[in-house]
Amino acid sequence: MPNLKKGEIKTFRIEDLAHGGDGVARAENGMAVFISLTLPGDLVKAKITKIKKDYAFARLIEVIEAGAGRTKAPCPVYNECGGCQLQHINYQKELEFKQNNIKQLINRIAEIEDFKLNDVLAAADDFRYRNKAQFPLKMDEDEQITAGFYKRGSHDIVPNHNCLIQHPLINRILRITLEELNKFQLSVYDENSLQGLLRHLVIRVGSCTNQALLVMVTNGDDFIDKNLIARTLIRKIPELKGVVQNINTQNTNVIFGKEDILLAGENKITEYIGSTAYLISARSFFQVNTMQAKKLYDTAAEYIGDDNSARVVDAFSGTGSIALYLADKVEKVYAVESLKSAVKDARANAKLNNINNVDFELGLVEDKLPEIIERDQIDSIIFDPPRKGLDEKTIQLLLENEIKKIIYISCNPATQARDLKSLKEKYRLLEIQPVDLFPQTYHIESVALLELKN
Ligand SMILES: C[S@@+](CC[C@H](N)C(=O)[O-])C[C@H]1O[C@@H](n2cnc3c(N)ncnc32)[C@H](O)[C@@H]1O
């Protein structure tokens, strides 16, 4: 069979959708070819752009025949922007792909066949859902400051002042802020020369409260008109509760630096999940889709069950959102988190909600969990780890102890599947409930319920 050559244009039938959202075709020599902006069933013309040992990448040139579920992406910059991967697929099909992806990973990686996989809990609105946007900035051809998102696979900025997955208030604040900033002679940070002042605009909104917070991330403090700009923005945008400057002088892709300066208004907004109130500051972690976060936490609550005497651990608790949401349904929650500022936010939010039965423990799950299990009789543990999943020490701890119920929330079904494989000798996977917090992107949250085997 002929080998692929870089630059050649070929016709491919898309067979599958990879976890990252690319369509997958097979070349004549059997090699997998990844083509973004395609979906299963598509017949496409594509140009080979990169060839690796076992797979290749190609760029879509033309859709000859459309697969079932193909739709016209509503965003005018969708083909370039790296923010969304699935706008060319209708939402029903997107949900099917996401569910199927989880099934395949659990079957293939965890080697588990016998479990209940529920339909994905879909978002009521698959656009306008994000409560937080982080916009990198650049100068356009007219020397105006503009904002957008990085292009697929690069750090070039695709300007976008009306991102369709953002809450509309975020887009309005962005446009007014750019208009104000452009009245002053301000420079924009350049990643190559490391020169220039303005790095990012971060906008957070409370979907339930319509309050907003703007953070201007700057390279240093040389920002003379900052208070005037901040006061003007608060005057022009009634929903804007505060403007914060964050200083980041490091040569890094990490958006925030360590120092926050309040320029005008307040440095926090309020948001609700159900009846639990949360104060959110510039750098606090909070789920980006408030409405779907409620479904995620309701799933965890349902899996915990209605035993009011349950003693539960919320491991990797962030700002304690799950622990606080569950507090009135159980007797005791231990929340474990390694980030000091998140634990501080969590304690403040417990006070705000008059919650007294949650202990917030600052430290690593791998260190704190053995101590908690040793000193208390724990019924259930909820894990919500970062993308890399659970560490070996925690897996061993679970295998050596008898925890009645484990609820494993994951934003990376591949590492979740790996961990379920390790846990299966002692814990049975009963059910998985996927929850779509990130429509139009390949991301998905997957909640697994495991019970101790007899
Ligand atoms: C996915 S977030 C949790 C989100 C939270 N459950 C919520 O719904 O808002 C994962 C959290 O784990 C924390 N973390 C990462 N590694 C950790 C470790 N080894 N021990 C404790 N916390 C850790 C991170 O700081 C982050 O807050």
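Domain bounds in these legends come from an automatic or database domain assignment. The structure is a predicted model, in which local features need pLDDT of at least 70, side-chain atom pairs count only at pLDDT 80 or more, and totals for chains, interfaces and linings use all residues. Residues are numbered from 1 along each chain as its sequence is written, and side-chain values use heavy atoms, with hydrogens and water left out.

**Figure 1. Domains of the protein chain.** The assignment gives domain 1 (9-70), domain 2 (93-125 + 289-452) and domain 3 (132-273). Between the C-alpha centres of domain 1 and domain 3 the distance is 37 Å.

**Figure 2. The second largest pocket.** A pocket is found on a 1 Å grid over the protein atoms alone, as an open set of points with protein on both sides within 12 Å along at least five of seven lines; lining residues have an atom within 4 Å of a point. Domain 1 (9-70) and domain 3 (132-273) both contribute residues to the lining of the second largest pocket, so this pocket lies between them. It holds about 560 Å³ of space, a volume being the space filled by probe spheres set on grid points joined across faces, edges and corners. Of its 20 lining residues, Asp22, Ser36, Ala58, Arg59 and Arg152 lie nearest the centre. Two or more lining residues come from each of β3 (32-35), β4 (43-51) and β5 (55-65), and β5 gives the most, with four. Strands (E, at least two residues) and helices (H or I, at least four) are DSSP runs, numbered from the N terminus. The lining divides into six nonpolar, eight polar and six charged residues; Ala, Val, Leu, Ile, Met, Phe, Trp, Tyr, Cys and Pro count as nonpolar, Asp, Glu, Lys and Arg as charged, and the others, Gly among them, as polar.

**Figure 3. The largest cavity.** A cavity is a set of grid points where a 1.4 Å probe fits but cannot get out. The structure holds one cavity of 30 Å³ or more, and the largest cavity contains about 100 Å³ of space. Its lining draws at least three residues from each of domain 1 (9-70) and domain 2 (93-125 + 289-452). Among the lining residues are Leu17, His19, Phe97, Lys98 and Tyr442. Helix α1 (residues 91-110) gives the most to this lining, with three residues.

Figure 4. The ligand is surrounded by 17 residues, the closest being Gln287, Tyr297, Glu337, Val365 and Asp384; a residue is near if one of its heavy atoms lies within 4 Å. By class, this shell has eight nonpolar, six polar and three charged residues. Helices α5 (321-326) and α7 (365-375) each supply at least two shell residues.

**Figure 5. Polar atoms around the ligand.** A polar side-chain atom of Glu337 lies 2.7 Å from a ligand oxygen atom, and a side-chain N or O atom of Gln287 lies 2.9 Å from an oxygen atom of the ligand.

Methods
Polar contact = N/O pair within 3.5 Å; in protein donor to acceptor, adjacent residues only side chain to side chain.
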